[in-house]
Amino acid sequence: MDLLFNIFVSPFIEMVTMPDFLLQVLWEGFVSGTLYALIALGFVLIFKASGVFNFAQGIMVVFAALTLVGFHAAGLPAYVSLVLALAVMGFLAWGVERVVLRHLVNQPDLILFMATIGLSYFLIGFGELIFGGEPKSMITEQLGLPTGSTTIEIFDGIVILQHLDIAAAAIAAILVAGLALFFSKTRIGRALRAVADDHQAALSVGISLNQIWAIVWFAAGIVALATGIMWGARSDVSFALQIVALKALPVLILGGFTSVPGAIIGGLIIGFGEKLFEVYWGGLLGGGVEGWFAYVIALIFLLFRPQGLFGEKIIERV
Amino acid sequence: MSARTAADIAVGEDLLHVDDISLSFGGVKAIQNISFNIVKGEIRAIIGPNGAGKTSMLNVINGFYHPQEGTITFLGEERRKMRPYRAASQGISRTFQNVALFTGMSTLDNIMAGRSLKMHRNFFWQMFRYGPALNEEIEHRRAVEEIIDFLEIEHIRKTPVGQLPYGLQKRVELGRALAAEPSLLLLDEPMAGMNLEEKEDMSRFVIDVNQQFGTTIALIEHDMGVVMDLADRIVVMDYGKKIADGMPKDVQSDQNVIDAYLGVAH
């Protein structure tokens, strides 16, 4: 009886009696939600264009952040480092297309997936070789990202908003919206969707697969850099960051692997869900549920909607 | 040798010719020593029983398949093989046997995608969908609307093509191929799986495209009645070999062709 009370009644009483605290929890859920959405978007872009689950996306986040910090450590100004890091991600996209993807056209998806695993190990090795394995701190202030916090008095209580979190949410939202618009409204976006639907037909109307792939990997690289900066600023820049990228998996299962809005809403659901569950129900299980709760949500979704919220329906004609 | 454009070639001259093309997949010989030409302004049909290598032939022409032997000459430029991007940018469009549309996109977007090569504004304008890129979008939109008018598919402009019935999908696919304003249009069984009325509509469109726009057409078709009416000249293939080539009435009475279609005691 006590247990049922603790599950079904007391968390809600807590929410109602302490609305300021609830607001704080929701805010934090929102911030991590937008960041999850950003990571998931990197996966969705590449999955749409080439049908490949890019295992290397997580390590690209680390690699991008390391490059940025590395350039700065070499004595360059922060903004120059940022531009150079972008250029490196562009070069990486070009290289991946040239060296890996181009030779694997028309191979089964599994082969391409294996290639991205190979790529991720290459990037780990290459990154460690150049930047070393020890954690570094993100150049948050040098990039002009705000620090400090604002306290809002509300509901006879307070909600604390970290300025960095506000900036992270805003940048993530702008990037997500920008990419979504770009890929739905422009010729290149149309070409990307065309490639996603049918490679051969896309080729027949003169869409260059090579160009589209390079563009998409570059977009994923930009997303990786943004993600790397934001997550790097919250903890530090190390190879452990790629674990965060794995959180994109449940987000993708929720949102569908091919849907940009799905990635956004999936990210938010996971963000809100895990924060709320951690704070209000986590205690029943001894805490620390944040790490795995997302995967439980994903599993439940797999049972009822294997194609995700917005994914394309899997219909097989027989 | 500098590449010519389709406009430099007079009606009745060779637009494309293939010489001694052989294509095999492992031990399977899909095409053996095939040569024929397509002259500007004609409707050229390629017919033959199932598995004769007709679609492979089309794939060779637009560069999906690379033949082991032979050459392809398009616009006076002789090549060992085509590449799909090159073929498209030089004016070869095609449709597919099993409709290959971008199913998630609307009719309008599908046909707009067909104009990819006509749109040149660079990536950065595109990124902001501003200035020249926006004007360009509008200008091409107009051309696409004309094609939509021509094919009488106004009512499905915004419908995702995945939801359309098969006959209409085939029509949208033709629209996408036309959007590139091709000099050579390859149609792989444009009437397969259609009912009589749909076939008549499609035949009318094929003829109109040929006569109004002067587009040269090479088509594969199974329906003999349709082919005999549509085509100016016919290549007949069987087991990867060319067994006849000529006017419909000559081909029709050719003993080899009759044998191939009806079977013959060996």
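Two residues are in contact if their C-beta atoms, placed from the backbone, lie within 7 Å. This is a predicted model: local features need pLDDT of at least 70, side-chain atom pairs count only at pLDDT 80 or more, and totals for chains, interfaces and linings use all residues. Residues are numbered from 1 along each chain as its sequence is written, while chains are lettered from A and ligands numbered from 1 in the order in which they are written.

**View 1. Chain B as a whole.** Chain B holds 10 helices and 10 strands. Helices (H or I, at least four residues) and strands (E, at least two) are DSSP runs, numbered from the N terminus. The C-alpha atoms of chain B fill a box of roughly 65 × 45 × 40 Å along the principal axes. Among contacts in chain B with a separation of 6 or more, 67% link residues 24 or more positions apart. Of its 266 residues, 42% count as buried. Buried means that 20 or more other C-beta atoms lie within 10 Å of the residue's own, with C-beta atoms placed from the backbone.

**View 2. The six-stranded sheet of chain B.** The sheet is open, with mixed pairing, and its 6 strands have the order β6-β7-β8-β3-β9-β10. Strands β6 (92-94) and β10 (241-246) of chain B stand at the edges; each has a single partner strand, so one side of each lacks a neighbour in the sheet. Two strands pair if DSSP finds at least two bridges between them.

**View 3. Strands β7 and β8 of chain B.** Strand β7 (residues 184-188) and strand β8 (residues 216-220) of chain B run parallel, joined by 5 bridges. One bridge partner pair is L187(B) with L219(B) in β8(B).

**View 4. Helix α7 of chain A.** Helix α7 (residues 163-185) of chain A has 23 residues. From first C-alpha to last it reaches 32 Å, close to the 33 Å expected at 1.5 Å a residue. The expected span is 1.5 Å times one less than the number of residues. Buried residues of α7(A) include D165(A), A172(A), V176(A), L179(A) and F183(A). The buried residues of α7(A) pack against α3 (19-50), β2 (157-162), α8 (187-197), α10 (209-234) and α13 (260-281) of chain A.

**View 5. Where chain A meets chain B.** The contact takes 19 residues from chain A and 27 residues from chain B. On the side of chain A that touches chain B, α7, α8 and α9 (199-204) of chain A each supply at least two residues. Helix α8(A) gives the most, with 7 residues.

Technical notes: Buried ≥ 20, exposed ≤ 12 C-beta atoms within 10 Å, placed from the backbone.
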